[in-house]
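Happy to walk through this one with you. Have a look at the sequence and the model first, and then we can take a few questions in turn.

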Amino acid sequence: MDARIWMTGPGGEPRSLALGAERTIVGRSPEADLHLDDEAVSWNHLEIERRGEVLIATDLDSSNGTVVNGEPLERPRRLRDGDTLIVGGHRLEVSLGPTPAGGETVPAQGPSVALNEEERATATALVAPYRSEGAFAGRPATRAEIATALQVSERTAQRRLDALAAKLGIAGESGRERPRLIAARVIELGLDR
């Protein structure tokens with residue numbers, strides 16, 4: 001298994017780190033295997049442990065927590081190819097596939113879903129609580145928060161969320177979980193960046 005973490009930070013170019021060791025520590029410490037210079041990241045924030053062909057992520061009692069695919073990481077969790085972790089203002093994507101020839105780092109691919117300006121603004125407002133520096137959010141923005149951020153009515157915000165859900169293939173009958181599902185997909189694909 002050629003496991004890698006692809007990291008994208010605020011305003012930075014994507015970079016990758018091979019997960020060859022048994023334990024990989026992500027944090028603000030200069031000794032961390034993946035050093036993140038971000039005040040929202042704890043000194044030793046996250047551990048990714050390799051157990052044979054399996055990767056396990058564990059939040060190390062960080063101040064602001066870790067989010068995996070839009071959900072708080074509250075206990076050790078198995079990582080799968082394509083999983084997205086949010087650590088402070090950084091997006092980490094798990095890749096379990098082969099590396100490019102020669103093992104060199106290559107630029108990340110663009111999002112597989114194209115959004116227009118209005119859809120991107122809606123997606124950004126929806127995931128803003130997950131992205132705000134120094135704060136841990138266990139939920140996406142409410143319809144009222146999205147309406148305020150976009151300076152539109154709540155009804156218009158709901159219509160825009162419905163359109164975004166349809167574009168991302170998220171069923172309308174998802175009920176109260178629907179905003180979380182939309183947010184998880186937006187973060188997974190990096191559509192708010």
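Q: At what angle do helix α2 (residues 143-150) and helix α3 (residues 154-168) pack, and are they roughly parallel or roughly perpendicular to each other?
A: Keep in mind that this is a predicted model. The axes of α2 and α3 lie 8 Å apart, and the packing angle is about 100°. Angles of 65 to 115 degrees count as roughly perpendicular. The two helices are therefore roughly perpendicular.

Q: Which residues of α3 make the contact with α2?
A: By class, the contact has six nonpolar, one polar and three charged residues. On the α2 side it is made by R143, A144, I146, A147 and L150. Their counterparts in α3 are E154, A157, Q158, R160 and L161.

Q: Why is strand β6 (residues 54-59) largely enclosed by the rest of the structure?
A: Buried means under 20% relative accessible area. β6 has six residues, and it is largely enclosed because the number of them that are buried is five.

Q: Which residue of β9 stands opposite A57?
A: β6 pairs with β5 in the antiparallel sense over six bridges, and in that pairing I56 is the bridge partner of E49. β6 also runs antiparallel to strand β9 (residues 77-79), joined by three bridges. There, the residue opposite A57 is R77.

Q: Does S42 count as buried or exposed?
A: S42 sits in the loop between β4 (34-35) and β5 (46-51). Leaving aside residues up to four places away in sequence, S42 touches G27, R28, S62 and S63. Its relative accessibility is 12%, so S42 counts as buried.

Definitions and conventions
Residues are numbered from 1 along each chain as its sequence is written. This is a predicted model: local features need pLDDT of at least 70, side-chain atom pairs count only at pLDDT 80 or more; totals for chains, interfaces and linings use all residues. Side-chain values use heavy atoms; hydrogens and water are left out. Helices (H or I, at least four residues) and strands (E, at least two) are DSSP runs, numbered from the N terminus. Buried means under 20% relative accessible area, exposed over 50%, partly exposed in between (1.4 Å probe, protein chains only). Contact means heavy atoms within 4.5 Å. Two strands pair if DSSP finds at least two bridges between them. Axes are lines fitted to C-alpha atoms, for helices over the stretch in contact, and angles run from 0 to 180 degrees between N-to-C directions. Angles under 35 degrees count as roughly parallel, over 145 as roughly antiparallel, 65 to 115 as roughly perpendicular and the rest as oblique. Ala, Val, Leu, Ile, Met, Phe, Trp, Tyr, Cys and Pro count as nonpolar, Asp, Glu, Lys and Arg as charged, and the others, Gly among them, as polar.
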